[in-house]
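Subject: The structure I promised you

Hi,

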Amino acid sequence: MPNYIAAIDQGTTSTRCIIFDRQGAIVSVGQKEHTQIYPQPGWVEHDPEEIWRNTLEVIAVARINARIESSSDIAAVGITNQRETTVVWNRRTGKPYYNALVWQDTRTGELVSQFAENGGQDRFRAKTGLPLATYFSGLKIRWILDNVPGVREDAERGYALFGNMDTFLTWHLTGGTYNGQHLTDVTNASRTQLMNLETLDWDDDLLADFNIPRAMLPQIRPSSEVYGKIASEVLPGVPIAGILGDQQAALFGQICFEPGMAKNTYGTGCFLLMNTGTELRHSTCGLLTTVAFQAAGQPAHYALEGSVAITGALVQWLRDNLGLIQASSDVDTLARTVEDNGGAYFVPAFSGLYAPYWKADARGVIAGLTRYVNKGHIARAVLEATAYQTLDVVKAMAEDAGIELKSLRVDGGMTVNELLMQFQADMLGVPVVRPTITETTALGAAYAAGLAVGYWSNLDDLRQNWGVDRTFEPQMEEAKRTKLYKGWQKAVERSFAWED
């Protein structure tokens with residue numbers, strides 16, 4: 001029986017390979033950053049071939065670090081990836097026609113406006129769970145087809161292939177031009193705006209609207225299933241058996257298998273996902289409906305997702321733009337010099353507000369200032385802004401899903417800040433649970449792969465692996481919580497004043 005399971009975590013700034021043992025503990029890591037390409041304002045690209053080379057390198061490094069001599073000691077590989085980032089490459093040569101268009105890329109803004117003229121921003125939401133936006137893959141594919149010479153002709157002949165990063169890496173790992181498997185999983189497919197959430201297949205009407213040939217699209221498969229074996233010498237013969245988009249992988253790695261269970265990833269921004277079970281729930285409160293995961297032969301689980309643009313980035317702004325702290329970690333020390341926010345609220349709408357407000361023209365404000373307020377109060381308001389924005393999303397989820405949150409599982413860099421985690425629990429009025437293993441994105445992909453090959457027998461094995469580092473219990477009285485949140489809501493209203 002193999003001793004290990006591996007996960008490839010292909011992220012926005014770097015690619016990692018993490019090897020786990022049967023208890024879900026990290027055995028070794030290989031990591032390498034890749035180049036961020038900015039051809040002009042709003043355009044963000046990656047070189048897919050650089051990422052492919054880095055992937056091979058980090059697998060080799062992780063294997064060497066773990067002293068794994070035989071690839072047979074690894075039961076399977078899971079893949080998790082930056083969602084929506086779009087690659088189109090030639091089936092015969094394996095070469096991309098153009099750089100990958102990263103999820104952050106906004107060059108399709110004009111296309112968004114054109115499509116919204118006929119049916120509005122939500123014209124595809126009923127089928128896809130997504131509003132028209134520059135994020136999703138469909139319009140990125142359309143841009144490549146319309147702007148890169150020869151691609152549309154090759155796509156119609158079946159020579160040009162589309163994939164998010166999971167698809168591109170799987171195709172190369174399983175043989176590329178010789179026998180590469182052209183596939184994706186339901187979670188990544190649900191972020192293209194081309195898949196019907198009910199049928200879990202590409203939708204012909206959507207493809208016609210977007211003018212995208214079906215021949216270039218990958219086969220849609222479950223998130224936990226054996227897809228093929230690795231042909232590369234870095235891990236020859238090892239099956240690829242799990243694929244999940246990064247936020248869904250974190251949900252799976254946090255063992256959020258039941259309806260109502262939710263996780264929040266605290267990074268530059270926040271991504272909060274709640275499992276809503278096998279029932280498709282459409283949002284009326286500005287959230288996204290997406291596929292959470294699907295095991296082979298089982299119905300898909302769905303999720304509601306709420307994104308917050310600025311959380312950890314606000315701490316960086318406090319450091320870099322105002323110089324109030326020397327390092328991001330200093331915000332905790334500064335915030336602890338005071339007992340509360342002194343009446344100050346910070347709404348970080350630097351580029352508008354995301355869920356549940358969707359106010360693109362909102363702008364950042366600091367509200368409630370008096371002569372009493374000092375830099376400690378500002379630091380505390382900066383941290384509290386993350387908790388308030390999370391509460392906004394949780395309230396929207398409760399209304400959409402009809403499910404009250406019982407606890408929130410958390411991961412990401414900001415979770416080391418215990419002042420923030422305690423305030424988050426106080427504002428939500430439910431326990432905030434930080435796990436022992438915080439690499440939940442890679443762990444989720446490893447779990448999906450391990451289940452598919454029998455490395456773990458069932459979900460109960462994974463539940464037993466999950467360990468709690470600390471639980472933050474709510475301590476604040478309801479009256480105080482209500483008063484603080486009303487202050488936040490007033491501050492948010494002030495940020496709307498810049499709309500035209």
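**Around Asp 105**

Let's start with Asp 105, which is buried, with a relative accessible area of 1%. Buried means under 20% relative accessible area, while exposed is over 50% and partly exposed is in between (1.4 Å probe, protein chains only). Before going on, note that this is a predicted model, where local features need pLDDT of at least 70 and side-chain atom pairs count only at pLDDT 80 or more, while totals for chains, interfaces and linings use all residues. Residues are numbered from 1 along each chain as its sequence is written, and side-chain values use heavy atoms, with hydrogens and water left out.

You'll find Asp 105 in the loop between β7 (100-101) and α2. Helices (H or I, at least four residues) and strands (E, at least two) are DSSP runs, numbered from the N terminus. Not counting residues up to four places away in sequence, Asp 105 touches Gly 42, Trp 43, Val 44, Thr 134 and Lys 140. Contact here means heavy atoms within 4.5 Å.

The side chain of Asp 105 also has a polar contact of 2.8 Å with the side chain of Arg 107. A polar contact is a pair of N or O atoms within 3.5 Å; within protein, one must be able to donate a hydrogen and the other to accept it, and residues adjacent in sequence count only if both atoms are side-chain atoms. Now follow Arg 107 to its charged end, which sits over the ring of Trp 143, 4.6 Å from the ring centre. For that label, NZ of Lys or CZ of Arg has to be within 6 Å of the ring centre and within 35 degrees of the ring normal. Arg 409 does this too, with its charged end over the ring of Trp 466, 3.6 Å from the centre.

**The cores**

Which residues touch the most other members of the largest nonpolar core? Of its 65 residues, they are Val 347, Tyr 388, Leu 405, Leu 408, Met 427, Leu 428 and Trp 488. Helix α12 gives the largest share of this core, 14 residues. There is a second, separate core of 36 residues, and Trp 43, Trp 143, Ile 144 and Val 291 are among them. A nonpolar core is a set of buried Ala, Val, Leu, Ile, Met, Phe, Trp, Tyr and Cys residues joined through side-chain atoms within 4.5 Å.

Have a look at Trp 488 too: leaving aside neighbours within four places in sequence, its contacts include Tyr 345, Val 347, Tyr 388 and Asp 392. Trp 488 also forms one aromatic cluster with Tyr 345, Tyr 388 and Phe 423.

Helix α10 (residues 312-320) has Gly 312, Ala 313, Leu 314, Val 315 and Leu 318 as its buried residues. Those residues pack against α11 (330-335), β19 (345-347) and α12 (375-401).

**Ring pairs**

The structure holds 20 aromatic pairs. Rings of Phe, Tyr and Trp (its six-membered ring) pair if their centres lie within 6.5 Å; planes under 30 degrees apart count as stacked, over 60 as edge-to-face and the rest as tilted. Phe 124 and Phe 210 make a tilted pair, 5.2 Å centre to centre with 35° between the planes. This pair links distant parts of the chain, 86 residues apart: Phe 124 is in the loop between α2 (109-116) and α3 (125-128), and Phe 210 is in helix α8 (residues 204-210). Phe 124 counts as buried because its relative accessibility is 4%, and Phe 210 does so because its value is 0%.

Tyr 455 and Trp 456 pair edge-to-face, at 4.7 Å centre to centre and 85° between the planes. Both Tyr 455 and Trp 456 are buried.

**Gly 450 and the cysteines**

Gly 450 is in helix α14 (residues 440-453). Beyond four places in sequence, Gly 450 touches Ile 5, Tyr 455 and Trp 456. How far apart are the C-alpha atoms of Gly 450 and Ile 5? They are separated by 6.6 Å, although the two residues are 445 residues apart along the chain.

How many disulfides does the structure hold? The number is zero, where a disulfide is a pair of cysteine sulfur atoms within 2.5 Å. For Cys 256, the nearest cysteine sulfur is that of Cys 270, 15 Å away. Cys 256 is buried, at 0% relative accessibility, and Cys 17 is buried at 2%.

Happy clicking!
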